[in-house]
Amino acid sequence: MSSGTRNDWTPLKYPDDPATALRLDEWLSSASGGLEAVGLDFRGANLSRGELQEAILVEACLQHVDLRKATLYRSNLEAADLSGADLSGADMVRANLDDALLRAARLDETDMAKSSLYGVDATGASFRGARILGASLLDIDLRGADLSDALLMDNSFRAKIDDGTIVQGLSGTLFGPADLYSGGTHRSLAGEELERWINTRGGQVKVLRPRGPRVS
């Protein structure tokens, strides 16, 4: 594998899949832009602290991959499988995660400002201390997820939540509504009701009214 790589970063462990390992090595040895790895299998890799900004990882398999403190700024991870991956401390600003799988993934202290998480399955994921500012959290499944001490700011928040969703220390502002699942049924929570549900569980959030049409 390459010894002199861009930004002096070398993966601590290459993917188990030979074709993916070769693609990664070729990219590291080149002077091209972001890594293009659509649909490739990165399982077994340790990509912590990786300089992966603007990478194209659409439909890639990143199950249980170590991506701690990696830079994924403006990366496209649409429909990627990040189940069980560790993204703690990663830079995911403006990343596209639409339709991705984040089941039981760890995103503690991750910066997710302006990221898009439409249709994401984040059941059982950990977002402890994450910065989720101005992000799109539409149709995201947060049942059983841990949002302890995460910071929100004006986020769209059409999320699925349940009594297993941890919101202790969650702070900031968001737009509802959310769908609360409990006992085999679910109901919509909006406005003050959603705010009360979060804050009685240790959160400190303000649920904002939907923005009306701009008057010219």
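Where is the place of S75? S75 sits in the loop between α1 and β1. The model is predicted.

**S75**
- S75 has a relative accessible area of 1%, so S75 is buried, a label for values under 20%.
- A polar atom of the S75 side chain lies 3.3 Å from the backbone nitrogen of E54.
- Neighbours within four places in sequence aside, S75 is in contact with L52, Q53, E54, A55, A95 and N96.

**R103**
- R103 is placed in the loop between α1 (18-29) and β1 (131-133).
- R103 counts as partly exposed because its relative accessibility is 40%, and that label covers values between 20% and 50%.
- Neighbours within four places in sequence aside, R103 is in contact with S83, G84, D121 and T123.
- R103 and S126 are 23 residues apart in sequence. In space, their C-alpha atoms are 9.2 Å apart.

**The largest nonpolar core**
- The largest nonpolar core has 63 residues.
- The residues with the most contacts inside this core are L82, L87, M92, F127 and L142.
- Two or more core residues come from each of these elements: α1, β2 (136-141), β3 (151-162), β5 (178-182), α2 (191-199) and β7 (204-208).
- L82 is in contact with L62, L67, L77, L87, L97, L101, L102 and A105, leaving aside its neighbours within four places in sequence.

Definitions and conventions
Residues numbered from 1 in each chain as written. Predicted model: local features only at pLDDT ≥ 70, side-chain atom pairs only at ≥ 80, totals over all residues. Heavy atoms only, no water. Helix = DSSP H or I, 4+ residues; strand = E, 2+ residues; numbered from the N terminus. Buried < 20%, exposed > 50% of the residue type's maximum accessible area, 1.4 Å probe, protein only. Contact = heavy atoms within 4.5 Å. Polar contact = N/O pair within 3.5 Å; in protein donor to acceptor, adjacent residues only side chain to side chain. Core = buried A, V, L, I, M, F, W, Y, C linked by side-chain atoms within 4.5 Å.
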